[in-house]
There are 2 protein chains.
Amino acid sequence: MLNAEPVPLTDVTIDDEFWSPRIETNRKVTIEYQYEQLETSGCLENFRRAAAGETGGFEGFWFADTDAYKWIEAASYVLATTDDPDLEERLDEVIDLIAAAQEDDGYLNTYFALEEPERKWTNLNMMHELYCAGHLIEAAVAHHRATGKTALLDVATKFADYIDEVFPDEVDGAPGHQEIELALVKLARATGEDRYVDLANYFIDVRGRTDRFERELENIEDIAGYDPDDGGIAESARGAFYEDGEYDGTYAQAHAPLEEQEAVEGHAVRAMYFFAGAADVAAETGDDDLLAHLERLWRNMTTKRMYVTGGIGSAHEGERFTEDYDLPNDTAYAETCAAIGSVFWNRRLFELTGDKKYADLIERTLYNGFLAGVSLDGTEFFYDNRLESDGSHGRQGWFDCACCPPNVARLFASLERYLYAVDGRELYVNQYVESTATPTVDGTELEVTQTTDYPWDGEVTIDIEATEPAAATISLRVPEWCDEASIEVNGESVSVDGDGYVSLERTWDDDRITATFEMDVTVVRSHPAVAANAGRVALERGPIVYCLEALDTERPVHQYRVDAKTDLEPVHRDDLLDGVTVLEGDAPVPALDGWEDDLYRPAEECEETTARLTAIPYYAWDNRESCAMRVWIQEH
Amino acid sequence: MLNAEPVPLTDVTIDDEFWSPRIETNRKVTIEYQYEQLETSGCLENFRRAAAGETGGFEGFWFADTDAYKWIEAASYVLATTDDPDLEERLDEVIDLIAAAQEDDGYLNTYFALEEPERKWTNLNMMHELYCAGHLIEAAVAHHRATGKTALLDVATKFADYIDEVFPDEVDGAPGHQEIELALVKLARATGEDRYVDLANYFIDVRGRTDRFERELENIEDIAGYDPDDGGIAESARGAFYEDGEYDGTYAQAHAPLEEQEAVEGHAVRAMYFFAGAADVAAETGDDDLLAHLERLWRNMTTKRMYVTGGIGSAHEGERFTEDYDLPNDTAYAETCAAIGSVFWNRRLFELTGDKKYADLIERTLYNGFLAGVSLDGTEFFYDNRLESDGSHGRQGWFDCACCPPNVARLFASLERYLYAVDGRELYVNQYVESTATPTVDGTELEVTQTTDYPWDGEVTIDIEATEPAAATISLRVPEWCDEASIEVNGESVSVDGDGYVSLERTWDDDRITATFEMDVTVVRSHPAVAANAGRVALERGPIVYCLEALDTERPVHQYRVDAKTDLEPVHRDDLLDGVTVLEGDAPVPALDGWEDDLYRPAEECEETTARLTAIPYYAWDNRESCAMRVWIQEH
């Protein structure tokens with residue numbers, strides 16, 4: 001098992017035409033708005049009132065505390081790379097509030113403090129105490145790493161210690177929504193305390209082995225979240241957990257122990273956080289079997305249950321995985337948070353294996369399934385990312401259950417982490433983003449300067465300066481979509497073979513790597529078993545999945561019929577959608593002549609003509625007036 | 001304006017391999033079951049209790065009286081062509097019950113009698129008093145024509161007279177659900193009383209000219225069907241009639257006067273009954289403008305809003321027409337009752353115009369959109385007729401709101417009416433069904449014997465024997481799907497030109513007409529504007545629309561790619577689905593080789609192979625175990 005580490009945020013500076021404006025918008029607009037929401041939604045007031053020992057009057061969803069925690073995490077990532085005293089002060093204020101609300105024994109959850117103090121830990125399934133704790137810990141670790149301060153880390157550690165006391169002796173079972181697992185491993189790494197790994201391991205391991213959730217639901221009147229009038233939150237879980245009157249834990253990946261799970265099942269975000277946490281535990285424990293189980297589940301997901309955008313979780317109901325090859329386009333759920341969760345999981349799998357395919361999938365997800373989740377101006381969000389729309393589906397400002405926007409914020413604010421990783425004397429270059437980084441490889445600090453117009457152009461220049469000449473391997477990811485890569489070091493051609501990384505071993509001093517990844521337009525088909533895409537193709541170029549949006553097409557989007565022979569040219573349009581490379585060409589469409597007043601006609605009498613087609617990047621759809629959109633186009 | 005008349009039920013005897021078993025099943029199973037339902041559903045008990053002057057305790061939907069009326073109508077049609085003393089007696093008993101429940105002034109509705117006697121005529125929109133009256137009248141006319149008895153006709157006439165008194169002086173406005181209009185014209189024809197035509201004309205004319213429905217809904221607490229707890233039936237109308245808080249009468253075709261309606265809109269069954277009634281009024285009044293308006297609406301329906309099966313009304317919500325070219329397959333509503341209503345309307349349009357296209361559409365609807373509504377064994381029914389299914393959609397036994405099964409029953413029991421029509425000295429042969437008929441043409445009775453294996457074979461022999469030699473025109477419909485027709489009279493070839501009927505003028509004595517309508521397999525496309533069928537084709541042969549059902553196909557149905565060049569052979573299979581002609585062949589499908597563990601691959605690397613395909617008639621789907629089905633197949 002490998003144990004690569006990402007080059008930390010603080011050692012990477014992104015200055016990229018594509019990503020930097022998005023990261024700036026995230027910092028200036030999204031994270032600011034997120035902060036305002038903490039006040040207007042009542043989230044901070046919950047902490048104030050809990051701190052004052054008040055009761056009742058909790059506002060928002062029962063896991064609203066995480067709004068504050070996710071903001072702290074995202075803002076801390078910003079602070080790690082940007083000097084912002086005002087932001088730092090606001091962070092301190094919010095952290096003080098949180099600390100004040102912590103109970104003497106370490107427990108912290110304002111919903112329970114205000115509403116049901118007597119029913120702590122009675123509804124692990126739905127009440128998300130451990131989920132909230134997990135986000136608190138992630139926020140605390142991020143804040144500590146960014147500022148060196150310990151105020152929040154102390155709160156998180158105290159809560160974690162309390163949880164460690166309670167579980168599994170007083171309370172047994174896994175949380176309904178995973179999150180604490182990966183957070184505890186982060187805490188272990190931040191504090192050096194292995195027992196947090198053990199606790200994470202317990203939560204991973206116990207899932208699918210106890211009847212905890214079933215017991216809770218059977219005694220529903222005795223658990224937190226139960227409302228005698230309508231059953232409340234507790235009752236709502238029944239829909240997710242009962243199928244024809246029979247309990248089924250699949251929704252929360254509790255249908256079987258992890259090692260017996262053959263396919264990715266249930267609520268997609270829960271699944272991603274689960275697998276990410278399990279990967280962390282595997283990294284810490286060196287459990288090769290656990291890694292093998294995760295690799296098996298990854299194969300199921302990527303070969304049978306994933307949209308071409310990297311989106312996952314087909315069904316709106318339950319926000320969940322369904323069956324192999326069930327990938328409807330116009331009703332796709334493909335939650336933004338699930339795409340983000342997939343990025344989290346894939347980074348960890350990469351770090352454990354050094355396998356390029358995980359970094360490839362991160363790229364696919366970042367540029368497509370994730371990026372579509374946020375509008376170009378950073379103010380509107382998709383919860384669900386459909387791959388086909390009649391024009392009636394659009395992004396929204398901020399949701400009641402605002403999980404996606406803060407998740408988007410923390411990924412943008414920590415994008416640096418995905419570019420490079422170091423394992424011993426090997427530096428992996430995983431994502432191509434214009435940036436400067438100062439990784440330490442085998443004890444020597446390198447200055448790595450990446451120059452590129454990615455994702456529109458596949459040329460990448462990487463300048464390496466070492467503080468002193470250093471023998472090291474620099475491994476470049478040849479993207480999965482690239483059929484023709486050429487790489488030179490200081491002008492000398494390097495052989496590019498195989499499916500893995502191109503590993504450049506030398507003593508680095510002051511050198512230049514030039515890589516050219518030919519970006520051809522690729523017409524892609526789905527596996528024949530995918531009914532939704534029968535007779536359809538998608539267009540890709542480089543890491544970008546394209547779509548047709550009716551505003552750009554001469555004919556309605558459903559009328560185009562494209563195949564590998566259709567001549568589509570990439571054209572960069574600075575004026576369009578903040579600057580995008582579009583694909584343009586004439587594509588076959590059915591002739592309208594001859595139809596007159598017919599609704600149905602013999603096919604052999606129908607003729608074909610061509611019409612102008614402009615395909616735009618999928619991530620950029622729904623940033624103008626609403627109109628029909630398709631990723632999967634009829635094949636000619 | 002033409003004024004052709006159908007050759008009456010009593011003058012036609014169907015003895016056809018395709019239809020007779022269905023008509024028998026209808027008589028022996030469906031109509032019997034329908035009768036049992038009258039007792040078990042509480043329908044007859046409602047009449048008994050109303051007759052006894054009781055109050056409260058009404059059972060079933062508020063228009064449940066029509067269950068009895070529709071049974072009487074269907075049973076009367078049976079009685080017109082079959083000697084069945086037991087059935088006649090049961091009819092008399094039910095009719096006695098109904099007569100006993102009639103109020104002194106002629107009013108008759110057991111819901112109002114039992115539940116809301118003070119709120120008659122306060123909710124024309126939803127409470128269906130006139131709709132019930134219409135079915136009473138249709139039943140009465142059918143019973144009278146079948147038996148010569150007047151018991152029910154007297155009840156109907158008395159109620160109609162009462163309605164004629166009340167409308168429009170005491171109560172103004174049109175009924176929410178049309179039906180009374182066509183019934184009143186039937187009553188006028190049965191009684192010779194023109195004032196029923198005037199009343200029908202009033203109901204047709206006033207629709208879209210008053211704010212009656214809007215007023216009712218604005219004063220919802222004062223109208224029948226209002227329940228203070230949840231608004232009741234009255235409140236439920238709001239969903240259909242309000243769009244973003246604005247009243248919109250489209251659902252009941254009340255958005256504009258008929259002459260201003262440009263497209264078929266709203267609830268499809270209401271629309272069909274409306275237009276059928278309007279055609280009846282046009283026939284009686286000779287109103288050419290009214291006919292022209294109907295022809296305009298027919299053009300809109302058939303060129304923009306109709307499934308290839310003849311099914312209409314795309315949307316489940318509101319069971320209604322939506323927009324031009326909006327014809328989704330997997331969510332198609334295409335209600336069986338709407339298909340039946342379309343048959344009603346088209347017969348009337350034919351009789352007013354002698355235009356073949358209406359008889360063509362009746363054929364298409366009978367063999368496809370209508371016939372799919374009932375299982376082969378006659379015991380299960382589709383309300384909604386989808387054109388694509390993942391296997392989860394199946395027929396049901398009998399519905400709570402049992403409109404379709406009795407409607408199916410009355411159409412089967414009166415199928416004779418659609419075969420022939422007479423206008424002056426012209427006899428139209430509209431449907432090809434093995435049968436004997438004795439139409440009177442220009443004063444002379446002809447004996448017309450049709451022999452055919454339709455719909456599997458396009459050969460039709462028609463033997464004519466006249467009681468005395470008679471000069472007459474016999475006009476044969478050349479079906480719309482037929483490109484190559486040949487017709488002989490007594491072995492001599494007749495020229496078959498043009499798009500209309502082939503009219504054979506001669507002095508008929510003892511003659512034989514032989515027609516051969518070549519039945520080729522036709523691969524059909526939809527208008528390019530139909531997004532749901534983009535890149536897809538349907539298979540037809542003769543009047544039959546085909547589908548793929550997964551049970552018969554080597555590959556999943558979505559994988560087949562068919563075009564006009566695909567070699568598909570008709571094969572008659574006596575053993576299958578009560579005997580059907582299937583289409584068999586090898587059709588292109590994507591090769592499975594090369595996919596291994598890929599979910600997405602470049603199209604140019606994908607290969608094609610062929611797989612065995614058997615297409616079955618659409619009407620016969622879902623008569624075996626549940627599986628996926630498609631009418632519209634990917635085009636190659």
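**Group meeting: the A–B interface and a few backbone details**

Hi everyone. Three residues stand out on the chain A side: Arg525(A), Leu599(A) and Tyr600(A) supply 23% of the area that chain A buries against chain B, more than any other three residues. Please keep in mind that this is a predicted model.

How many residues are in contact? There are 46 residues of chain A in contact with 46 residues of chain B. For those of you who like charges, the count between the two chains is two salt bridges. One of them is between the side chains of Arg561(B) and Glu635(A), at 3.5 Å from N to O. Across the interface of chain A and chain B, there are also 18 residue pairs in polar contact.

Which elements give two or more residues to the chain A side? They are α14 (288–304), β15 (521–526), β21 (600–602) and β24 (633–635) of chain A. Of these, β15(A) gives the most, with five residues. By class, the side of chain A that touches chain B has 24 nonpolar, 10 polar and 12 charged residues.

Now, on to the domain annotation. An unreviewed UniProt entry marks residues 427–519 of chain A as "Non-reducing end beta-L-arabinofuranosidase-like GH127 middle". In the model, that stretch is 0% helix and 66% strand, with its end C-alpha atoms 25 Å apart.

Inside that stretch there is a backbone detail to look at: the peptide bond from Tyr454(A) to Pro455(A) is cis, with omega near 0°. Pro455(A) sits in the loop between β10 (444–452) and β11 (459–477) of chain A. Over in chain B, a cis peptide bond joins Phe167(B) and Pro168(B), with omega about -5°. Pro168(B) is in the loop between α8 (151–166) and α9 (180–191) of chain B.

Asn490(A) has a phi near 50°, and its place is the loop between β12 (485–489) and β13 (492–494) of chain A. Leu577(A) also has a positive phi, of about 50°, and lies in the loop between β19 (569–573) and β20 (580–590) of chain A.

Are these two buried or exposed? Leu577(A) counts as buried because its relative accessibility is 8%, under the 20% cut-off. Asn490(A), at 38% relative accessibility, counts as partly exposed.

How values were computed
Residues numbered from 1 in each chain as written. Chains lettered and ligands numbered in written order. Predicted model: local features only at pLDDT ≥ 70, side-chain atom pairs only at ≥ 80, totals over all residues. Heavy atoms only, no water. UniProt positions renumbered as here; feature names shortened; annotations may be inferred. Helix = DSSP H or I, 4+ residues; strand = E, 2+ residues; numbered from the N terminus. Buried < 20%, exposed > 50% of the residue type's maximum accessible area, 1.4 Å probe, protein only. Contact = heavy atoms within 4.5 Å. Buried area = accessible area lost by both parts, 1.4 Å probe. Salt bridge = Lys/Arg side-chain N within 4 Å of Asp/Glu carboxyl O. Polar contact = N/O pair within 3.5 Å; in protein donor to acceptor, adjacent residues only side chain to side chain. Nonpolar A, V, L, I, M, F, W, Y, C, P; charged D, E, K, R; others polar.
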